[in-house]
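Colleague: I have a model open and would like to go through it with you. Could you show me what we are discussing?

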Amino acid sequence: MSPVKQQFLKDGYLVLDRFKTPVECESLMQRGAELAAGFDYSGHPSVFQTSEQTRTSDDYFLNSGGNISFFFEKDAFDAQGNLKNDLFHSLNKIGHAMHDLDPVFNQFSRSPQLQALADALNLDDYLLIQSMLILKHARIGGVVDIHQDSSFLYTEPESCIGFWFALEDATIDNGCLWAMPGGHRTSLRSWFKRKEGGGTESIIFDDRPYTTEGMIPLEVKQGTCIVLHGLLPHYSMPNTSGRSRQAYAIHTISRHSCYPSENWLRRNLDDLRGFAS
Ligand code: FE2
């Protein structure tokens, strides 16, 4: 077994410094800003809410799996329905198919280097199913509650693995990831899925409340890649600093797992590709 796989199985995550160059990170952020500038929100803006119980269940969210959609911060609008900040600084994230639809995001998401990492982790038949540009603006970016990524990309058997890239330095005060080493050696607590008749719901498998005991901050430099096991509980705090904390995440699942049609994110698995550029 490769040393990186050993480490990954032990901790449930892997921190790889200098995986991407500063130029690659800056280019992706530049492209994200370009995409956001082209977003016409005059129709029906979708607000991204952090608690899964109140997560927006509108069509905009449910259709975003196969396109490039824009999600506002929870408090982006004032009582009159006007944005409190400029459009870019009102957005929480962009998702969820940039890796397939945008050339710059595709190039970042697929490379010989990522393929080699996937090989070292024995992710031979893994498919890229979701991408997110997480903006976490200075003094605006909100909390992301403790969750397991497999709740949102449910497969049988469980197979979700995330690749989280720090596009800027991530520190405690600008909202870095927090996780507990070894915390993935547990079971799945919930499944966020489409509800019969419309909307979404969470099926609870384990209703014990999460605790942050044993969670440690993963403070990392720009360009770091953090590989996250789908069962590893993790979260991030609000950005209370004057520096943004942009990150890009891609999520992958095994081609050999069952991907239920009740999952919130719908993609035709035959259309999905792996890490090869
Ligand atoms: Fe996550």
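This is a predicted model: local features need pLDDT of at least 70, side-chain atom pairs count only at pLDDT 80 or more; totals for chains, interfaces and linings use all residues.

Colleague: Which protein atoms are the donors of the iron ion?

Modeller: The iron ion has as protein donors NE2 of His-147, OD of Asp-149 and NE2 of His-234, at 2.1 to 2.2 Å.

Colleague: And how are the donor residues spaced in sequence?

Modeller: The spacing is H-x1-D-x84-H.

Colleague: Are His-147 and Asp-149 buried or exposed?

Modeller: Both of them, His-147 and Asp-149, are buried.

Colleague: Turning to packing, how many residues has the largest nonpolar core?

Modeller: That core has 38 residues, and Leu-117, Phe-163, Phe-165, Val-227 and Tyr-248 have the most contacts inside it. Its largest share, five residues, comes from helix α2, residues 22-37. A second, separate core has 20 residues, including Met-132, Trp-178, Val-220 and Ala-247.

Colleague: What does Val-227 touch, not counting residues up to four places away in sequence?

Modeller: Among its contacts are Phe-8, Tyr-13, Leu-14 and Leu-16, as well as Leu-117, Leu-121, Ile-161 and Phe-163.

Colleague: Now the strands: in which sense do β9 and β10 pair?

Modeller: Strand β9 (residues 190-194) and strand β10 (residues 200-204) pair in the antiparallel sense, over five bridges. Within this pair, Lys-193 stands opposite Glu-201 in β10.

Colleague: What do β9 and β10 form, and which residue in the turn has a positive phi?

Modeller: They form a hairpin with five residues between the strands, and Gly-197 in the turn has a positive phi of about 95°.

Notes: Residues are numbered from 1 along each chain as its sequence is written. Side-chain values use heavy atoms; hydrogens and water are left out. Donors are N, O and S atoms within 2.8 Å of the metal (3.2 Å for Na, K and Ca); water is not among the atoms, so sites may look incomplete. Buried means under 20% relative accessible area, exposed over 50%, partly exposed in between (1.4 Å probe, protein chains only). A nonpolar core is a set of buried Ala, Val, Leu, Ile, Met, Phe, Trp, Tyr and Cys residues joined through side-chain atoms within 4.5 Å. Helices (H or I, at least four residues) and strands (E, at least two) are DSSP runs, numbered from the N terminus. Contact means heavy atoms within 4.5 Å. Two strands pair if DSSP finds at least two bridges between them.
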